[in-house]
Amino acid sequence: MIDGGTLRRLEFPKILEQLANYADSALGKEKALALQPVTDLETACRRQKETAEGCNLLRFEPLAEIGGWHDLRNQLERAKRGAVLEPEEFLFIADTLAAARRIGKFLSERRERYPLLSGIASRLAVMPDLEQKIRKAILPAGEVADHASPELAQIRRSLNQAQARVKERLEQIIRSPGYQKYLQEPIVTIREGRYVVPVKVEYRGRMPGIVHDQSASGATLFIEPMAVVEENNELRRLKTAEKQEVERILTVLSVAVARVAGELGDSLAALGELDFILAKARYSRKLNASAPVLEEGAFLDIRQGRHPLLQGQVVPVDIRLGIEFDILVITGPNTGGKTVVLKTAGLLALMAQAGLHLPADGSSRLGVFHRVFADIGDEQSIEQSLSTFSSHMTNIVDIMQKAGRDSLVLLDELGAGTDPVEGAALAQAILERLQVKETRTIATTHYNELKNLAYTREGMENASVEFDAVTLRPTYRLLTGRPGRSNAFEIAVRIGLPREIIVRAGDFLTAEQARMEELLRDVEKARQEAETNRETANRLKEEAARLKDQYEKMISEISSRREELLTKARAEARMLVKSARLEAKAVVDELKAGLAKETGRERANVIQKSRQRLVELQHTHMQEPAAGGEIPAQVQVGEEVFLPQFNQHGYVQGLSAKDGEVQVQVGAIKLSVPLSELRKAVKRSVADSGQERVASVLLNKTREISSELSLRGLYVNEALLEVEKYLDNASLAGLFRVSLIHGKGTGSLREAIHRYLTGHQRVKSFRLGDHNEGGSGVTVVELS
């Protein structure tokens, strides 16, 4: 059990008050306000899992009906004492039974997803008989139904009939001409439970009957005529019988409730626990919190933790303790956030052990502390004649006696409130003793002696709250591993203290103190600059990674597009070659048939026609593109020109005055050609240019490609580049078999080529040449 004073100092009750606001029921609120941290790891883990299941339920089942029940503790207690419950109270019981039945069914159907919540729901009592009896006997408006019992139904039928007879008799009286002048108004009303008519006071003797009431003015008497006295008596008797029967029905139902009050109480407790868990889940969502990882041991590894009671933009902090070091000494300026860090560490530890999610990163890890102590704030006691220092020492004495290896100790401004030299000495001795006891401790201080102690002692570590040397304001970031400065002079300047006083104050510092302050100031400034540079480098690294991904995607798309174009080009080339072969075969067949003719003239005519057909065929399938415009007299750098020799367009890169040649960039190739071999570029549409270039490439490849490629004398890298280009050209030309001549030599070139061919998308198969094909010096490739 964690000490109540510690809970109060760390403001844990305020957390419970916020938590209670998220409960829907009084039971849930009471459980929230009574929540306490546990010191058992298994229990703490179970509580965390319950909260996590509640969060999942709110996330995945936002329309789930988990409410609709009432706090029945008062009704159950009265029923057990023998009291008769009111009809409205029975409706509350029926609603709660229905809610328990519905919630139990809902969670039992999702047992695998919510095992802990389903386990709690298994305690919900299902009582359909009692629920049905209540629904049958009590109407939604809170009245006992006619069919609650046969006797009640009969009584109410008789009562309705008697009322009808009385009203009919009185209606006859008020409609009678002989009585109308006696009546104040022609109406029938009720006084003291009996039907009466309003009679003018001066005609009292004209209307025989019983006076039940008189108006405020005294001008009207409410008289029950003697003609309906017996009928009114019968009505009174029937109403009494009705009341007795209703009382009997409610008594029977109350006894039935009292009989199962224990089970209903257990169901009520389970419903309250479910509401409490959902309140923790709602609070977790409000804090944007995460489930911490709880493990054996006494340690803190809080990442990006935020104090849950702070409003606005809260700067998260990383707090480590009990892993590399057991004692953390935090220094820095006043109002810099030291105490907030201290409270954040303690409060998040308590929340984790209470089963609450933490406003921190989900990777945060914590152990379970058996005791938590906090000496925070000014607890000066006038009644006990204790000064601030004495009050702190009283707390610390208690802590030193009780703290152990599984304890968390939080000390704010250790050693303050007395002579600085003695206070620093006491603080050092206290931290040394706590280290000997292996107590996990966080202490805040302004003493340089404690900074030096943490720096020189194994198992202790310095930390500081960052102070911006440029803006002279705290950033509230916790920097572990770096001692901090108090920045008293800077803060005084910012608040408005005259600068000449600050300068004079500096004169009172010893040379060693001044050097130390200057060193710490320079270190802090350098650290902030390094931090800024690191953030810039990280940002640039992320940008470079993004660009790299973007370019890799572009390259992949270009490669894919290239394959599509090559596939289409191969198909078109095969169609061109096939068409040319078919037409040539037709000419040859026609020529053969003509040569079989008898006369020489006929044969000559056939030969002449065949020649003409071949010329037309050549023009159709192997027509060279137009040579472009006229020869230019001169060209300018950057001007577009046409090269008929290569059937390509290029751009002038430079002029050579010595030999009269022009340097032209054609794609990725730079050429030097005479001016006479250039033509002025003719503007063409993009489509025409592309079609001409593709057709030219295809036909040129078909005409010029050889079925053999010699690679002898080339290095491996050079040979593989030649093979890659050659296979593309051979595929475009429609060749199905080619030979790669690599020679015998050491065999390294042959092996490299075979590795390259293995799995190549254009290669169907390959083998070494036969004896008459060149043997092992040649590789024969079958193209796909």
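Good morning. The model is predicted: local features need pLDDT of at least 70, side-chain atom pairs count only at pLDDT 80 or more, and totals for chains, interfaces and linings use all residues. Residues are numbered from 1 along each chain as its sequence is written, and side-chain values use heavy atoms, with hydrogens and water left out.

The protein chain holds 23 helices and 23 strands; these are DSSP runs, H or I of at least four residues for helices and E of at least two for strands, numbered from the N terminus. Of its 784 residues, 41% count as buried, meaning under 20% relative accessible area with a 1.4 Å probe, protein chains only.

I turn to the sheet. Four strands form an open sheet in the order β5-β9-β6-β7, with mixed pairing; two strands pair if DSSP finds at least two bridges between them. Its edge strands are β5 (293–294) and β7 (317–321), each pairing on one side only. Helix α13 (residues 338–354) packs on this sheet and touches β5, β6 (300–305), β7 and β9, where contact means heavy atoms within 4.5 Å. Strands β5 and β9 (residues 365–366) run parallel and are joined by two bridges. Val293 has Arg365 in β9 as its bridge partner.

Finally, the surface. Which helix contains Tyr551? Tyr551 lies in helix α19 (residues 511–595). Its relative accessible area is 47%, so Tyr551 is partly exposed, a class that lies between the buried limit of 20% and the exposed limit of 50%.

Thank you.

Conventions. Axes are lines fitted to C-alpha atoms, for helices over the stretch in contact, and angles run from 0 to 180 degrees between N-to-C directions.
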